[in-house]
Amino acid sequence: MNKKVDYIVVGLGLAGIAFVEELIKAEKSFLVFENSSQVSSIVAGGTYNPVILKRFTPVWNGHEQLQTAIPFYKEIEERLKVVLDTSFKTRKIFSSVGDENNWFIASDKPMLSHYMNPTVVKEAIPGVICDFGYGELTGTGRINTPLLVSSYKKYLEDMHVLFAEEFMYSKLVTSNDKLKYDEIEADKIVFCEGFGLKSNPFFNYLPLNGTKGEVMTIHAPELKIDYLLKSAVFVMPIGEDYYKVGATFNWTDKTSIPTEEGKKELIEKLEKVINVSYTIVEQRAGIRPTVKDRRPLVGTHPENKKLAVLNGLGTRGVMIAPTVAKNLLNHLENNQELDKEIDIKRFQDLL
């Protein structure tokens with residue numbers, strides 16, 4: 001039986017979910033293909049924080065992204081009847097007096113002053129190794145991305161719009177007036193495939209540099225913290241004395257298989273942060289869809305405007321996805337200009 005829709009969406013990680021949300025608000029019909037081959041949205045810590053703690057500088061458009069993202073997830077929570085957003089403070093462990101001085105300077109800057117507490121925390125925290133104190137951030141937190149993805153899949157299944165199967169590029173017949181995939185006719189298609197973009201014949205020219213990240217979940221009953229600790233690794237509370245610890249960065253291994261090397265690196269770094277006993281209960285790995293210039297890949301194919309891409313969200317996907325998804329739909333439906341920093345036109349010379 002033939003089916004006509006406004007959009008086909010390929011991929012249901014953070015990018016795919018954010019774009020589907022825009023389609024629902026715009027009352028557009030759609031079908032989603034998702035084969036669960038990419039797991040970066042599930043493996044990710046899911047934290048949101050508009051401050052780069054390595055240099056005490058603002059994340060690109062971070063403040064504005066959060067103004068869009070927090071209500072976005074709240075709306076999904078209410079509709080799906082789940083709790084996704086856990087807000088908590090973040091404490092950056094200082095490694096030197098210089099860190100403390102740099103924190104004071106940064107916390108006085110306009111955007112950063114919204115989040116950075118200028119008072120250095122000096123209190124000793126049982127189980128935590130720190131000789132120079134902490135800087136404290138407010139307005140940070142975590143989106144439970146595994147719950148978001150699993151709940152959203154069920155939501156789309158109940159709407160009968162989810163195909164839990166691999167999208168076969170060879171079946172897509174493209175023309176300037178319509179797209180056809182098997183018995184499905186669509187006006188446009190948006191590829192939100194994460195690192196799977198490398199296999200996409202329409203957009204694999206884009207410079208997506210997948211970065212492997214590994215994380216551990218530990219059980220540490222003696223570590224009683226209700227905020228995220230950031231040092232060489234992050235230690236993030238996820239409830240009942242469990243903590244997520246991450247993350248590694250590997251630019252050569254492109255598999256989603258956890259490694260002994262990754263575990264060893266995480267343990268070595270973790271034991272410079274905490275000095276209480278713990279047990280490792282899980283280790284996971286995923287490929288982050290990263291781009292060299294640290295900007296997303298958003299836009300339409302130069303030869304067929306019915307083919308679009310939403311990718312390259314990198315390490316801050318929970319923050320940026322709602323903003324860029326909105327920008328892309330407005331571009332496709334209302335000819336709104338894409339933000340030049342995210343537009344894939346910047347890579348046209350690679351075609």
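**View 1. Salt bridge between Glu265 and Lys269 in helix α6**. Glu265 is partly exposed at 28% relative accessibility, a class lying between buried (under 20% relative accessible area) and exposed (over 50%), computed with a 1.4 Å probe and protein chains only. The closest N and O atoms of the pair are 3.0 Å apart; a salt bridge requires a side-chain nitrogen of Lys or Arg within 4 Å of a carboxyl oxygen of Asp or Glu. Because Glu265 and Lys269 are 4 residues apart in helix α6 (residues 260-270), about one helical turn separates them. Helices (H or I, at least four residues) and strands (E, at least two) are DSSP runs numbered from the N terminus. The model is predicted: local features need pLDDT of at least 70 and side-chain atom pairs pLDDT 80 or more, whereas totals for chains, interfaces and linings use all residues. Residues are numbered from 1 along each chain as its sequence is written, and side-chain values use heavy atoms, without hydrogens and water.

**View 2. Salt bridge between Asp158 and Lys154 in helix α5**. The closest N and O atoms of Asp158 and Lys154 are 2.9 Å apart. Both residues belong to helix α5 (residues 145-158), at a spacing of 4 residues, about one turn of the helix. Asp158 is partly exposed at 49% relative accessibility, and Lys154 is partly exposed at 46%.

**View 3. Salt bridge between Glu136 and Lys89**. The closest N and O atoms are 3.6 Å apart. Glu136 is in strand β8 (residues 134-143) and Lys89 in strand β6 (residues 85-93), so the pair ties together parts 47 residues apart in sequence. Glu136 is buried, with a relative accessible area of 8%, whereas Lys89 is partly exposed at 40%.

**View 4. Network of salt bridges**. Lys28, Asp187, Lys188, Lys306 and Glu333 are linked in this network. The search of the whole structure finds 21 salt bridges.

**View 5. Crossing of helices α1 and α7**. The axes of α1 (residues 14-25) and α7 (residues 317-334) come within 8 Å and cross at roughly 45°; axes are lines fitted to C-alpha atoms over the stretch in contact, and angles run from 0 to 180 degrees between N-to-C directions. The two helices are therefore oblique to each other, the class left after roughly parallel (under 35 degrees), roughly antiparallel (over 145) and roughly perpendicular (65 to 115).
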